[in-house]
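I opened my notebook to record what I looked up in this structure, entry by entry.

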Amino acid sequence: MDLVRIHECLCDKTRLRIVHLLLQGPLCVCHLQEVLREPQVKMSRHLAYLRRRGMVLRERCCQWMIYRLPDKRSRSLEANLACLRDCCGGERVCRDDSARLRKLSGKFSENCPRSVGPAKRGRKRRAAT
């Protein structure tokens, strides 16, 4: 991932906040929506932008879409993520997002996973009766 593409992704406040939260681990769209207090449509649009540019990856778990940062990162991306991690500590909005995520983590339903782990992969959705 080249430097211009990284900065295009991070130059929007909502995308910056999303990436900051994903630095803490994979999250479902519904979790991001609740933490950032933004509509699902806005979250999906920004996540699609980030995904098209290779900034985030997604994986389906039943009906949920889990987003995460890529495991393999270019030096430029790793350096910018480290900078984001450092800089966000001083930004109130990022601190508030992190605090809200910690507070809401206990409320995340087992039916709506925070991340896709080995035990959850391949789990089939029950048919509606």
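What percentage of the 129 residues in the protein chain do buried residues make up? I found that buried residues (under 20% relative accessible area, with a 1.4 Å probe and protein chains only) make up 40% of them.

Before going on, I noted that this is a predicted model, in which local features need pLDDT of at least 70 and side-chain atom pairs count only at pLDDT 80 or more, while totals for chains, interfaces and linings use all residues. Residues are numbered from 1 along each chain as its sequence is written, and side-chain values use heavy atoms, leaving out hydrogens and water.

Next I looked up the fold and found six helices and three strands in the protein chain, where helices (H or I, at least four residues) and strands (E, at least two) are DSSP runs numbered from the N terminus. Along the sequence their pattern reads α-α-β-α-α-β-β-α-α.

My last entry concerns L81, which I located in helix α5 and found buried, with a relative accessible area of 0%. Leaving aside neighbours within four places in sequence, L81 is in contact (heavy atoms within 4.5 Å) with V19, L23, L69 and R73. The C-alpha atoms of L81 and L69 are separated by 9.9 Å, and the two residues lie 12 residues apart along the chain.

Methods: Buried means under 20% relative accessible area, exposed over 50%, partly exposed in between (1.4 Å probe, protein chains only).
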